[in-house]
Amino acid sequence: VKEVKEGMNSRRVPISEDELHAFVDGELPADRRADVEAWLAGHPEDAARVSAWRTQAELIQRRYGGIAGEPVAPRFEIDRLTRATRPRWRLAVAAACLALLVGGAAGWFGRGAWEGVPAVRAVAAEAIEAHKLYVVEVRHPVEVPADASHLMAWLSKRVGHELRAPDLLELGLRLIGGRLLPGAKGAAAFFMYEGGSGERFTLYCARATAPDTALRYRVSGQVAAFYWIEGEFGYVMTGPADRDRLQKVVERAYEQLEKSPPAKSSSSRG
Amino acid sequence: MAGPDTGGRDIERALATLSEDQRAALLLVVLEGLSYREVADLQGVPIGTVMSRLARARAQIKSYLDGGRVALRRVK
């Protein structure tokens, strides 16, 4: 039994229902969590509701989260504390499949507010998976090395867009080369960079049908990614989960990509 | 207690009883891990609306899953 001054605590800081939801969803500020825990210890009815909501979430995740091939049920408590490390992109993939599964739900999924979100997240998921797969390769990290003159021409042709791998040498990252990957809308180009201590960053470019998005950030285990859609192209920069460094890399890449010809000019005149 | 398979079908049916907005809010939070703020932006409503959709969704699912048992109706 925990030594909590329930009576005192619960009288002094009554917990609203909104806060109970926020507690369950990891939205509550850290300093209020202890209050809620104390409250629940003294209010079994609320504790039962919280427990029921968590069970619901588990049922939903077990029913639909499995699509992404990841057991999600046990991640509850720990991930709630370290919310940023939750592999949300995996869940995103699951959610993207939801429309097909939840009968009669096609309507809400197709609503305007949804447009682009599953698409851009799915692109990010592809890219992060590719990153994890290929950065560990010692001998064959890329299909075509950076010094091969046909690298850009080849990838550009397959992706259907004049590509330019950003120069990240200023940040100590050297382009190793690239490879072609399957993307949601045809081929995707995948560039790999390597830093002085062997750390690797990858840039994934694929055609996307969604409208432009802001820069979004996702952490997935040891790696993190910034991703965005611009000019009908989705970009995902993935690297070690060091947000500050990754952001610098992204900014450097972004300003160069911005200067490249817009993707819309597939039959361009330059 | 129902087994996991039963649970899966039950939750599916329970979700089907929700309004679109409620279901979307709940799934975005629970399954996709979006923050309330992100859901609010997506749905184009204030955070308070997201929270009330969430609350209604959860209450409804609970009463659905509780089924024939004593319905603890909370009129608040």
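Begin by selecting Ile60(A), Leu15(B) and Leu26(B), which touch the most other members of the largest nonpolar core, a set of 37 residues; a nonpolar core here is a set of buried Ala, Val, Leu, Ile, Met, Phe, Trp, Tyr and Cys residues joined through side-chain atoms within 4.5 Å. Buried stands for under 20% relative accessible area, exposed for over 50% and partly exposed for values in between, with a 1.4 Å probe and protein chains only. The elements that give two or more residues to this core are α2, α3 and α4 (44-64) of chain A, together with α1 (4-16), α2 (20-30), α3 (36-43) and α4 of chain B. Helices (H or I, at least four residues) and strands (E, at least two) are DSSP runs numbered from the N terminus.

This is a predicted model, in which local features need pLDDT of at least 70 and side-chain atom pairs count only at pLDDT 80 or more, while totals for chains, interfaces and linings use all residues. Residues are numbered from 1 along each chain as its sequence is written, chains are lettered from A and ligands numbered from 1 in the order in which they are written, and side-chain values use heavy atoms, with hydrogens and water left out.

Stay with Leu15(B) and display its contacts (heavy atoms within 4.5 Å): leaving aside neighbours within four places in sequence, Leu15(B) touches Ile60(A) and Tyr64(A) from chain A, and Arg23(B), Leu26(B), Leu27(B) and Ile61(B) from chain B. Apart from this core lies another, of 29 residues, among them Leu163(A), Trp228(A), Tyr235(A) and Leu257(A).

Next, select Arg58(B) and Asp25(A), which form a salt bridge with the closest N and O atoms 2.7 Å apart; the term covers a side-chain nitrogen of Lys or Arg within 4 Å of a carboxyl oxygen of Asp or Glu. Arg58(B) lies in helix α4 (residues 47-66) of chain B and Asp25(A) in the loop between α2 (17-24) and α3 (30-42) of chain A, so the pair joins two chains. Both partners are buried, Arg58(B) at 1% relative accessibility and Asp25(A) at 5%. Over all chains the structure holds 15 salt bridges.

Move on to helix α10 (residues 243-259) of chain A, where Glu255(A) and Arg252(A) sit 3 residues apart, about one turn of the helix, and form a salt bridge of 2.6 Å between the closest N and O atoms. From Gln256(A), the side chain reaches the backbone nitrogen of Asp167(A) at 2.7 Å, and, neighbours within four places in sequence aside, Gln256(A) is in contact with Pro166(A) and Asp167(A).

Finally, select strand β5 (residues 216-220) of chain A, which is largely enclosed by the rest of the structure because 4 of its 5 residues are buried. β5(A) pairs with strand β6 (residues 223-230) of chain A in the antiparallel sense over 5 bridges, pairing being assigned where DSSP finds at least two bridges between two strands. Tyr217(A) stands opposite Phe226(A) in β6(A), and in the hairpin of the two strands, with 2 residues between them, Gly221(A) takes a positive phi near 65 degrees.

Note on methods:
A polar contact is a pair of N or O atoms within 3.5 Å; within protein, one must be able to donate a hydrogen and the other to accept it, and residues adjacent in sequence count only if both atoms are side-chain atoms.
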